[in-house]
Amino acid sequence: MSTRPDRFSPVARTLHWTMAALILAMLFIGVGMVSTAEPLYPTLLAWHRPIGALILVLALIRLGYRLHHPAPPLPADLPAVQKLAAHGSHWLLYATMIAMPLIGWSMQSAGGYPVRLTTWLVLPPIVPRDILLYGFLRSAHTVVAYCFFALILVHLAAALVHALIRRDGVFESMAGGR
Amino acid sequence: MPPSSPSRSPWPAFALIGVAVGLLALAFLWVAGWLQPSRIGGGKLADSLEYNAGKHPGWRRAHTKGLCVTGHFDSNGAGVALSKASVFRAGSVPVLGRFSTGGSDPFGPDGRPTFHSLALAFHLPRGEEWRTAMDHTPIFPVANAADFVALQIASKPDPVTHKPDPAKMKAYLAQHPETQAFLDYMATAPLPASFATGTYYSINAFRFIDGNGQSRAVRWQFEPETKGGDLDKKTLDQQPVDFLFDDLIARVKRGPLRWHLVIVLADAGDRTDNATVAWPANRRHVDVGTLVLDRATPEETGGCRDITYDPLVLPNGIAPSDDPLLAARSATYAASFHRRAVEGPHPDAISLAAKGGQK
């Protein structure tokens, strides 16, 4: 098993699983914080911004790494339509994990909010103050978040189909031990 | 890996995958509040304001009628001993403020026994801001989000009498002596004759953190240098519709208006978690500087309309207290902001009056 060439590298796997945990946490924090007006709301919001910034940085590193380190090939017997779905959904996942923090940062800029990451760091605005732009981006942030979560569910379901039903090594290429 | 044997049925595995994915989706919806309609978020608080006052698309859901003001804050340096926030270092920072009256009617008359409010945004170095939205009353009618919603429902004005249903209000007040105490206070407390002569209170307690990391419970108030009388509450409804805002515009044209920022320090045992409870008057007061407002501009061009005066936008050195109302205010302002941003803003009463040549 350890000599299989068709596995993700340790770097790719570390990035994948770290970001999986961060993104899932982020989506739960996001929908949780807007559902409550208890003191949990500002607490979650204070976590939401720095984790979002961290995801943006990691996503850009990961995209750069991925462009230089192609993914292992999919099984030869996988139907063409499933291969297309696999590739399409992965690039969609990349696009979303980069777009979500940028939408969040832009919408807070458009709404005139200081984007505070820590006690000592406030990010500068990246778009001008504009209430109509804020309204559009704020709505987009929610819609894209739900789409992102749906995409992750599909990704998870597909990974489990590879693991439990097809047993074709695709799941192990990211999850397997040595 | 060996391929699975053809005789093996895939359906138990499919079922397992369905359950796993379904449980994750269910957890997500539960956290998002979809499975718990009674949970109160900013949206529900904004709904309660719309229920009470009717919907005014494009406008703030509360404190709807307002006027932008600009100026600066001159810190005298005395606040440095209390908080490491840069705003308290001796010097001057620009301020963008907003005067408003309570209520949700963008064109309502100023002559009502309601909140006179001042919101301020201090623009600090390194991208920091301090925002505070204050009322002319040192206490608030409710202590938490659930009570706020209950009060909005109970006090919804009847379309004919324009007064709340007495039975509903009586039932609510029987459960909420703190709201009754607030109404009693409003009935007897003077209503300042001008925005310029009002004292504006922080409503909630906060915490100041000094350079040594020591934390103190505080409230603050802006005390006017301009002295003036009170409104005659019996003749309020005979006042011109925009008289408070017109008065402020006229005063600022004559010269800058000043308030002293006074920090009030809690004693041990003072409630920091309940905005309906006033602190005793003998608490230590520290004058930390002067707010100077020298320009008033209608909302349409004044820059104060398209932001929220979220009381939790705080600089390093000022932190929230354990008052649950702070989070509720922050969440409500955010929900109101999202709604009015999507709906799009409209020209405000003061801009329209100026354009109509009524001044």
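A polar contact is a pair of N or O atoms within 3.5 Å, one able to donate a hydrogen and the other to accept it when both lie within protein. With that rule in hand, the tour of this predicted model may begin at the boundary between the two chains.

**The interface.** Display chain A and chain B together: 10 residue pairs are found in polar contact across their interface, both residues of each pair being at pLDDT 80 or more. On the side of chain A that touches chain B, select α1 (10-33), α2 (40-68) and α4 (131-166), the elements that give two or more residues to it. Of these, α4(A) gives the most, with 15 residues. Colouring this side of chain A by class shows 24 nonpolar, 8 polar and 7 charged residues. The contact as a whole draws 39 residues from chain A and 53 residues from chain B. Together the chains bury about 3,900 Å², of which 69% is on carbon and sulfur atoms.

**The salt bridges.** Next, select A:Arg129 and B:Glu129, which form a salt bridge whose closest N and O atoms are 3.8 Å apart. The interface of chain A and chain B holds 2 salt bridges by the rule applied.

**The cysteines.** Move to B:Cys68 and B:Cys304, whose sulfur atoms lie 2.1 Å apart in a disulfide. B:Cys68 sits in strand β1 (residues 66-75) of chain B and B:Cys304 in the loop between α7 (299-302) and β10 (318-320), so the bond ties together parts 236 residues apart in sequence. The torsion about the S-S bond is about -80 degrees, and the disulfide is therefore left-handed. Both B:Cys68 and B:Cys304 are buried. A search of the whole structure finds 1 disulfide over all chains. Finally, select A:Cys147, which counts as partly exposed because its relative accessibility is 49%.

Methods
Residues numbered from 1 in each chain as written. Chains lettered and ligands numbered in written order. Predicted model: local features only at pLDDT ≥ 70, side-chain atom pairs only at ≥ 80, totals over all residues. Heavy atoms only, no water. Disulfide = S-S within 2.5 Å. Helix = DSSP H or I, 4+ residues; strand = E, 2+ residues; numbered from the N terminus. Buried < 20%, exposed > 50% of the residue type's maximum accessible area, 1.4 Å probe, protein only. Contact = heavy atoms within 4.5 Å. Buried area = accessible area lost by both parts, 1.4 Å probe. Salt bridge = Lys/Arg side-chain N within 4 Å of Asp/Glu carboxyl O. Polar contact = N/O pair within 3.5 Å; in protein donor to acceptor, adjacent residues only side chain to side chain. Nonpolar A, V, L, I, M, F, W, Y, C, P; charged D, E, K, R; others polar.
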